[in-house]
Amino acid sequence: MVETLRHALCALILTLTLAAGSAYAHSPLTSSNPSDGAVVAGAPEAIEMNFRGKARLIRFTLTGADGGEVVLGKDHLMVEASHHRVILPPVGADRFTARWRAMSEDGHILKGEFSFRVGAD
């Protein structure tokens with residue numbers, strides 16, 4: 001019984017170690033500017049995204065409250081970096097949602113979204 005318990009404990013430790021290493025290998029989004037839920041007085045010139053590790057943006061869209069998509073360039077796509085800057089065209093007051101998809105350095109696909117508002121209520 002002690003031997004069985006020892007094997008189970010070793011298996012648990014190995015599983016937790018591998019899971020921790022795998023989770024660390026991903027490169028989640030750690031911050032954005034504007035941040036999720038932010039209200040900014042004027043339209044930003046760019047959206048900045050910071051990942052824990054290197055990642056390649058493979059898709060990035062920005063939509064207004066009416067669902068209309070803001071036309072963006074493609075220079076920010078497929079660049080491997082931990083800091084990404086997406087240049088914006090001039091936009092007016094609105095509530096925007098940024099949706100992104102990235103590939104982390106270890107090949108895993110990450111995705112998410114954040115929203116911000118330009119202009120006061």
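Okay, hi everyone. Residues are numbered from 1 along each chain as its sequence is written. Since it's a predicted model, local features need pLDDT of at least 70 and side-chain atom pairs count only at pLDDT 80 or more, while totals for chains, interfaces and linings use all residues, and side-chain values use heavy atoms, with hydrogens and water left out.

So, the layout. We've got 1 helix and 6 strands (DSSP runs, numbered from the N terminus: H or I of at least four residues for helices, E of at least two for strands). Along the sequence that reads α-β-β-β-β-β-β.

Now look at strand 6, residues 109-118. Strand 2, residues 38-40, runs parallel to strand 6, with 3 bridges joining them (pairing takes at least two DSSP bridges between two strands). There, V40 has V118 as its bridge partner. Strand 5, residues 94-104, pairs with strand 6 too, antiparallel, over 10 bridges; T97 sits opposite S115. Those two strands make a hairpin with 4 residues between them, and G107 in the turn has a positive phi of about 95°.

On to the serine. Where is S32? In strand 1, residues 29-33. Buried or exposed? S32 is buried, at 15% relative accessible area (buried is under 20%, exposed over 50%, partly exposed in between, using a 1.4 Å probe and protein chains only). Overall, 31% of the 121 residues count as buried. Beyond its neighbours within four places in sequence, S32 is in contact with E48, M49 and F114, where contact means heavy atoms within 4.5 Å. And its side chain reaches the backbone oxygen of P34 at 2.9 Å. Thanks!

How values were computed. Polar contact = N/O pair within 3.5 Å; in protein donor to acceptor, adjacent residues only side chain to side chain.
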